[in-house]
Amino acid sequence: MAGLIDELMNTLEKENEEYQVLLKLSQEKTGIIIRNDVNALQKLVEQEQLVVDRITPLEKKRVEYTKDIATVINRPEESLTLTRLMELMDSQPAVKKRLGEIHDKLHNTMAQMVKINDMNQGLLKEALELVNFDITLMNSMKQAPITANYDSRAANTEEHIISRAAFDTRQ
């Protein structure tokens, strides 16, 4: 079982390293969103996907090791958390300490990711609201009230305050 726990700890440490990379990318994303740089955002999302692609097999390994450890100690897999595993390692203080350190690192990384992702989500929501406002404004300008413009025969020419031609390009 010691080998399984070592493998689990190594896998969790590798996962945390990848999550740290993902966290750094999320922090970069904040500036990109603020600058409204769509091209840079697209490139960054591609980089994030590469990191997620590296995390996926690590997560599968973690699940396997957890299942195997649960089978060896005859416990339900769902109840086997890092905290519970640390409790079971009272007789092995070095393993318990390493598990605790890994737990704390993962917890801190995830807390930071949640914070950054919530902030990025809020920024994206605001950006979408601004785009919707601009679209609504443009649509309402097309329906601007008619002004009283008279030609030389005193006939109303019925021009809108802002005509559509204002946004047309001429070649």
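This report walks through a predicted model of one protein chain, from its overall layout down to a single residue.

## The overall layout

Let's start with the big picture. The chain has 4 helices and 0 strands, and reading from the N terminus, the elements go α-α-α-α.

How much of the chain is buried? Of its 171 residues, 25% count as buried. As for who touches whom, take the contacts between residues at least 6 apart in sequence: 56% of these join residues at least 24 apart.

## Helix 4

Helix 4 covers residues 93-142. Does its span agree with its residue count, or disagree? With 50 residues at 1.5 Å a residue, helix 4 should span 74 Å, and its end C-alpha atoms sit 73 Å apart, so the two values agree.

Which residues of helix 4 are buried? They are V95, L99, G100, I102, L106, T109, M113, I116, N120 and M141. Part of what covers these buried residues comes from helix 1 and helix 3. Helix 3 is residues 82-88, while helix 1 takes in residues 2-35.

## The largest pocket

Now for a gap in the protein. The largest pocket has a volume of about 300 Å³. It is lined by 14 residues, and the closest to its centre are I33, N36, L123, L124 and A127. Helix 1, helix 2 (38-72) and helix 4 each give two or more residues to this lining.

Which helix gives the most to the lining? That's helix 4, with 7 residues. Sorted by class, the lining has 11 nonpolar, 1 polar and 2 charged residues.

## A closer look at E18

Let's zoom in on one residue. E18 lies in helix 1. Is E18 buried or exposed? Its relative accessibility is 16%, and buried means under 20%, so E18 counts as buried.

What does the side chain of E18 pair up with? It makes a polar contact with the side chain of R54, at 2.9 Å. R54 also turns up among the residues in contact with E18 once you set aside neighbours within four places in sequence: the list is V51, R54, I55 and L58.

Notes
Residues numbered from 1 in each chain as written. Predicted model: local features only at pLDDT ≥ 70, side-chain atom pairs only at ≥ 80, totals over all residues. Heavy atoms only, no water. 1 Å grid on protein atoms, 1.4 Å probe; cavity = no way out; pocket = protein on both sides within 12 Å on 5 of 7 lines; lining within 4 Å. Points joined across faces, edges and corners; volume = space filled by probe spheres on them. Nonpolar A, V, L, I, M, F, W, Y, C, P; charged D, E, K, R; others polar. Buried < 20%, exposed > 50% of the residue type's maximum accessible area, 1.4 Å probe, protein only. Polar contact = N/O pair within 3.5 Å; in protein donor to acceptor, adjacent residues only side chain to side chain. Contact = heavy atoms within 4.5 Å. Expected span 1.5 Å × (residues − 1).
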